[in-house]
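Subject: Structure handover

Hello,

Here is the structure for you to look through. My notes on it come after.

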Amino acid sequence: MIPRDSAEPATMPASLQHFDRDPLRSRSMPGRYYYDPGIWEREKRAIFHRTWQYVGHRSMLPNPGSYIVREIAGQSVLLLKDREGQIRAFFNVCQHRAHRLLEGEGRLNAAVITCPYHAWAYDLAGMLRNARGSEKMADFDKTQFSLEPVRLDSFLGFLFVNLDGQAEPFAKVAGGLAAELASFSPQAADLKCVYRRDYPLQANWKNSVENFSECFHCPISHKTLVEGALDYPSYRVTTHEHHHSHRSRDKGPNQGYGTRTEQAAKQNEFGSWLLWPNWCIEVYPGGNLTVFHHVPVGPEQTIQKVEWYFPNDPPTREEQEVIDFVHGVRLEDIPICESVQQGQHSLGYRQGRFVVDAERSEISEHAVHDFQVKVLRALGDIG
């Protein structure tokens, strides 16, 4: 596990004097929180190395020896399926001279992981089996050089890891979201990832998540979504301790994509969720799932990793319509986030006032405010 650094001072920076814990009174975070390299370094340790981070779906590890490598704010994690079918997670580093063990995704050709540098080899349970050159070394104990495990948990087939041994159990963090998601898509655990696509953004990861966290911009930027899919006046976002819930009615036969509604528990309702800090998922009528993983790669660079989940591969014509529909919405959001990123550098920008109403209506930005509260608390900038 990654050791915790000493806590940052809990005194509120002067630049946050206009930020209020009450969303009805608050202005947004200052622009520097979206581009300052020092803040990004703090976020790595205080947010991404301490929270449960999404790494994939069990359908991506179909056979013994299947593996995937994921990067979490500078830390490389290896997931693999062992010979008994159990999925395990380790830091992706050899215990000899710290060479990375594997890259990308694939399937091992043997029952061991062999380091490309000096050929030390580990079994699929992470135990050191062959330490080349150690035969003549005194007091060499292979058991002291096993791969370092990483906490791994899952719900409905989605896999999450945590680099911090003191973090709350995953069941406590994700239990409420799992129940809500299952109520919309009872067959979610049986779906497969049938299509994936990366969308690079020249924007901070928080801009990407915040754009997902409100629909105030939808009638302006997503006319097809509002006019053809969602019943916009019914759109509501509810904030919880560890996640946000988005719900609205759909437009039935006028929606912009085809569905098989007999598979869905809520046949005329759209749902989407944010699991703090950067994993989002949507359920479209018909029970199909789309994952949006907002992966930071620098202070001003993010990759939106989008995954589509359906019962079978390849997708049907109706399911392809969902892929095309979501892709179109992604292309509409990218320039928004990038323009905001540029604007946050402006000497003329002041902290904006959140648009929040007491009813938390479809135009309300209270969930963006809640997200910013979570960021600032994690950084220790507010209590």
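Predicted model: local features only at pLDDT ≥ 70, side-chain atom pairs only at ≥ 80, totals over all residues.

Aromatic rings

A pair of aromatic rings is described by the distance of the centres and the angle of the planes. The model has 22 aromatic pairs. One of them is Y54 with F158, a tilted pair with 6.2 Å centre to centre and 55 degrees between the planes. Y54 belongs to strand β1 (residues 53-57) and F158 to strand β10 (residues 158-162), so that this pair links distant parts of the chain, 104 residues apart. Y54 and F158 are both buried.

A tilted pair is also formed by F212 and F292, with 5.9 Å centre to centre and 50 degrees between the planes. F212 is in helix α3 (residues 205-212) and F292 is in strand β16 (residues 288-298), so the pair ties together parts that lie 80 residues apart in sequence. F212 and F292 are both buried.

Y54 and F158 are also members of one aromatic cluster, which they form with W52, F155, F160, F170, W279 and Y309. Another ring, that of Y34, has K206 lying over its face, at 5.1 Å from the ring centre.

Packing of α3 and α7

Two packed helices are described by the angle between their axes and the distance between the axes. For α3 and helix α7 (residues 366-379), the axes come within 9 Å and cross at roughly 145 degrees. This crossing of α3 and α7 is right-handed. On the α3 side the residues that meet α7 are W205, K206, V209 and E210; on the α7 side they are V368, F371, Q372 and V375. Sorted by class, the contact of α3 with α7 has five nonpolar residues, one polar and two charged. K206, one of the α3 residues in this contact, is the lysine placed over the face of Y34.

T302

T302 is a residue of strand β17 (residues 301-310). Its relative accessibility is 1%, so T302 counts as buried. Leaving aside neighbours within four places in sequence, T302 is in contact with Y199, P200, L201, A203, N204, W205, S208, H294, V295, P296 and V297.

Backbone

Most residues other than glycine have a negative phi, and most peptide bonds are trans.

- The peptide bond from W276 to P277 is cis, with omega near 5 degrees. P277 is in the loop between β14 (269-275) and β15 (279-284).
- D313 and P314 are joined by a cis peptide bond, with omega about 10 degrees. P314 is in the loop between β17 and α6 (317-343).
- A73 has a positive phi, near 50 degrees, and lies in the loop between β2 (66-72) and β3 (75-81). With 11% relative accessibility, A73 counts as buried.
- L156 has a positive phi of about 50 degrees and is not a glycine. L156 sits in the loop between β9 (151-155) and β10. Its relative accessibility is 22%, so L156 counts as partly exposed.

Regards

Terms used
Residues numbered from 1 in each chain as written. Heavy atoms only, no water. Phe/Tyr/Trp six-rings, centres within 6.5 Å; stacked < 30°, edge-to-face > 60°. Helix = DSSP H or I, 4+ residues; strand = E, 2+ residues; numbered from the N terminus. Buried < 20%, exposed > 50% of the residue type's maximum accessible area, 1.4 Å probe, protein only. Lys NZ or Arg CZ within 6 Å of the ring centre and 35° of its normal. Axes fitted to C-alpha atoms, helices over the stretch in contact; angles between N-to-C directions. Left-handed = near helix turned anticlockwise from the far one by under 90°. Contact = heavy atoms within 4.5 Å. Nonpolar A, V, L, I, M, F, W, Y, C, P; charged D, E, K, R; others polar.
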